[in-house]
Amino acid sequence: MSTVTLAPVIVQLTASRPETLQTSTRETLAVDQPTSAQYIHDVETYSVEGMPTHPVVMVRGQGEFLWDLEGKQYIDFNAGFSSCNQGHCHPKIVDAMVKQCQILAMPSRSVYVPGYAMFCKKLCEVTGYDKVALMNGGAEGTDMAIKLARAWGYKVKGIETDKAMVLTAEANYHGRCLSILSASSDDHYRHNAGPFMPNVGPYCTGEPVRFGVVEDLERAFEKCGPQIAGFMIEPVQGHAGCLPGSDEYLIEVRRLCTKHNVLLIADEIQAGLGRAGSLLSFQTSGIKPDMVVLGKSLSGGMYPISGVLGTNEVMTSLEPGQYGSTFSGNPLASAVGLAALDVILDNDLPARSAELGEIFQARLRSIKSPYFDTITGKGLFVSMYIHETHPQGRVTGKRLAALCLERGLLVNRSGRRLRICPALVIDKEVMLRGVEILEKALEDLPNLEM
């Protein structure tokens with residue numbers, strides 16, 4: 001693996017952080033500013049409940065750090081669920097956003113604008129695809145990929161009208177809108193959301209298509225191949241635990257899709273744009289999917305942007321007017337997206353993720369604790385598993401994440417698993433300090449009463 005020089009990115013970002021950032025955070029708060037408890041109360045009162053939330057109110061971010069309402073600094077091992085690969089509020093992206101929003105933000109897609117043309121061209125040139133359909137959120141992107149695959153299935157493959165199938169892998173996470181829940185096997189997310197869209201999901205033979213199991217996909221293709229328009233997969237399953245598909249598996253998936261004339265769709269929303277150690281996480285296998293879905297860090301966390309990239313044959317399957325989204329590709333989004341891409345490419349963040357990822361994972365594996373189980377991941381896209389076997393129940397993922405937060409480290413958990421995904425611009429020493437906080441918290445947890 002080629003090495004990269006880490007210092008230039010660190011110097012650039014460190015220079016952009018004022019030494020008085022923590023103090024200035026407190027000073028900018030109004031005297032009658034509501035308390036953290038009041039903000040939390042209002043969210044719980046007026047907002048629909050979502051995922052479990054840390055009891056902290058963040059008000060500022062820069063690079064790999066966050067600050068709460070009281071001015072306390074945190075190392076962020078979450079990076080907006082991979083939306084902030086470039087770090088929080090990267091100055092180049094902020095500058096592009098501020099400049100553009102003062103000129104033109106939203107003229108509608110009924111006219112041409114320079115930024116949209118530049119952004120589409122840049123995305124295609126960087127990824128090697130022919131066309132892009134820009135959208136907003138990630139779920140909108142995966143929904144669009146399903147729509148495109150079905151249209152291609154009818155127009156090109158010749159599937160009987162209304163019979164096209166889009167297959168997915170078990171334990172996937174492609175979003176939470178209704179069409180994408182149809183593609184899911186997660187009972188919790190699907191609860192009370194039916195009826196679901198037919199012919200989308202990980203089932204074809206009556207048995208699920210398990211991620212990483214070539215034989216399952218082969219059986220599905222042998223039984224349902226003529227009706228299958230596409231197979232959508234996360235090359236690294238994020239929500240399931242940062243589980244990378246092996247290069248051998250991805251190569252076989254590509255071979256089978258080609259053999260059965262099925263579109264291979266790579267959902268790179270979480271693992272792409274450098275997060276897993278290459279610009280697109282599947283690139284280590286040498287394959288090329290027919291479509292790729294991007295999102296999250298496509299804007300550096302500054303604006304909701306997603307996109308579906310693909311070959312001319314696939315992307316021209318829709319009829320004129322069937323593709324559209326009011327806010328997609330507007331001048332503000334395009335300016336932000338172009339700057340976000342530049343930060344990734346100019347600083348070679350994929351190579352940085354690969355190099356730091358090796359250091360990061362090795363350090364996590366060195367944790368000496370009877371409650372440490374294992375880690376999974378690729379690049380700086382990592383999950384750490386613990387044994388929740390303490391006789392008094394003191395060692396759990398929930399308690400570990402809470403203790404880390406108390407000590408200045410933001411890390412998310414799901415059951416006994418911690419998801420650890422810092423910004424790709426993180427200073428190596430800061431990253432290792434975060435691991436030290438995590439290690440000490442795991443050491444102390446058995447001795448702390450519940």
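**Helices, strands and a disulfide in the predicted model**

Gln100 is placed in helix α5, which spans residues 91-101, in a structure that is a predicted model. With a relative accessible area of 19%, Gln100 counts as buried, since the cut-off for that class is under 20%. When residues up to four places away in sequence are left aside, the contacts of Gln100 are with Pro331, Leu332 and Ala335.

Strand β5, made up of residues 165-168, is buried at each of its positions, with Met165 and Leu167 directed to one side and Val166 and Thr168 to the other. Such a pattern accords with the general rule that in a regular strand the side chains alternate between the two faces of the sheet. Strand β5 is paired with two strands. With β7 (residues 228-233) it runs parallel, the two being joined by four bridges, and within this pairing Met165 lies opposite Ile228. With β6 (residues 200-201) the pairing is likewise in the parallel sense, over two bridges, and here Leu167 has Gly201 as its bridge partner.

Helix α10 packs against this region, its buried residues being set against β5 and β7 as well as against helix α11. The buried residues of α10 are Val214, Asp216, Leu217, Ala220, Phe221 and Cys224; because they cover an arc of only 160 degrees around the axis, they are on the same side of the helix. The face of α10 turned away from that buried side carries the exposed residues Glu222 and Lys223.

Helix α11 (residues 247-259) comprises 13 residues and reaches 18 Å from its first C-alpha to its last, close to the 18 Å expected at 1.5 Å a residue. Its buried residues are Tyr249, Leu250, Val253, Arg254, Leu256 and Cys257, and these fall within an arc of 165 degrees when seen down the axis, so that they line one face of the helix. They pack against α10 (214-224), β7 and β10 (263-267), whereas the face of α11 turned away from the buried side carries the exposed residues Glu248, Thr258 and Lys259. Just after α11, a positive phi of about 55 degrees is found at Asn261.

With a disulfide taken as a pair of cysteine sulfur atoms within 2.5 Å, the count for the model comes to one. The disulfide is formed by Cys204 and Cys224, whose sulfur atoms are 1.9 Å apart. The torsion about the S-S bond of this pair is about 130 degrees, so the disulfide is right-handed. Cys204 is situated in the loop between β6 and α10, and Cys224 in helix α10, so the pair ties together parts that are 20 residues apart in sequence. Both Cys204 and Cys224 are buried.

Another part of the model contains an open sheet of four strands, arranged in the order β13-β14-β17-β16 with antiparallel pairing. Strands β13 (372-378) and β16 (412-414) stand at the edges, each with a single partner strand, so one side of each is left without a neighbour in the sheet. Neighbouring strands of this sheet are turned by 25 degrees against each other on average, direction ignored.

Key: Residues numbered from 1 in each chain as written. Predicted model: local features only at pLDDT ≥ 70, side-chain atom pairs only at ≥ 80, totals over all residues. Heavy atoms only, no water. Buried < 20%, exposed > 50% of the residue type's maximum accessible area, 1.4 Å probe, protein only. Pairing = 2+ DSSP bridges. Axes fitted to C-alpha atoms, helices over the stretch in contact; angles between N-to-C directions. Expected span 1.5 Å × (residues − 1). Arc of directions from axis to C-beta. Contact = heavy atoms within 4.5 Å.
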